[in-house]
Amino acid sequence: MAFVVKRAKLRKTFNEEQPHRDKVDIRGAAEFFADIAKRHPVRSQMVFVCIGTDRSTGDSFGPWVGTMLSEQGWPFVIGTLENPCDANHYEAAVAGIPSHRTVVAIDACLGTMDPRCHYLIARGPLLPGRAAGRSLPPIGDYSLGCIVAPMSIKPYSSLQQASLFEVMGMARAVAEAIHAAWNRESAESGVLTDYV
């Protein structure tokens, strides 16, 4: 019974601290990134913090996105499969982010599964690790969570049972949406979006 009360209290605290998030499909996520690109067109001012670990199928969503963004040439990506930004390395990894840079946080999350809408977007930070009972500092001027598995009383087990095929597909879709948003903004505005 104490565990159920603790989970209920954690959920209440999580909901009170979390900024409003909209549940969207990949088109909604692409529009979200297009809006960010319009506001912040210079790529070298962007930092993508891709939270997660390569040791859990569901929680590898962030590192997959980070790896794909790095392969596309994005200059400031924290969290890849090679160097994950997991709970043990999170605070040290984000400590050096300059305050003038715009941060987009990306992480896997648990929630109600919907075959059409997999993403939770917010103009504000995400709270890493809260669904699993961890209390890490919030991160991001903007954030995207990907629902990789249903919420359960055993969050680690739920993350482990996520489909790697689906996680990789959603990560690829997000990385492509990010890349396309800044490429489109660069073409439309003529703003230099180099990597210097």
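Which are the buried residues of α3?

Analyst: Happy to zoom in. This is a predicted model, where local features need pLDDT of at least 70, side-chain atom pairs count only at pLDDT 80 or more, and totals for chains, interfaces and linings use all residues. Residues are numbered from 1 along each chain as its sequence is written, and side-chain values use heavy atoms, with hydrogens and water left out.

The buried ones in α3 are F61, G62, P63, W64, V65, G66, T67, M68 and L69. Buried here means under 20% relative accessible area, with a 1.4 Å probe and protein chains only. Helices are DSSP runs of H or I with at least four residues, strands are runs of E with at least two, and both are numbered from the N terminus. Just past α3, G73 has a positive phi of about 100°.

What's around it? There is an open sheet of 6 strands, ordered β1-β5-β6-β4-β2-β3 with mixed pairing; two strands pair if DSSP finds at least two bridges between them. Strand β2 (residues 46-50) and β3 run parallel, joined by 2 bridges, and F48 has V77 in β3 as its bridge partner. α3 packs on this sheet, touching β2, β3, β4 and β6, where contact means heavy atoms within 4.5 Å. The direction of α3 makes about 145° with that of β2; axes are lines fitted to C-alpha atoms, for helices over the stretch in contact, and angles run from 0 to 180 degrees between N-to-C directions.

Key: Buried means under 20% relative accessible area, exposed over 50%, partly exposed in between (1.4 Å probe, protein chains only).
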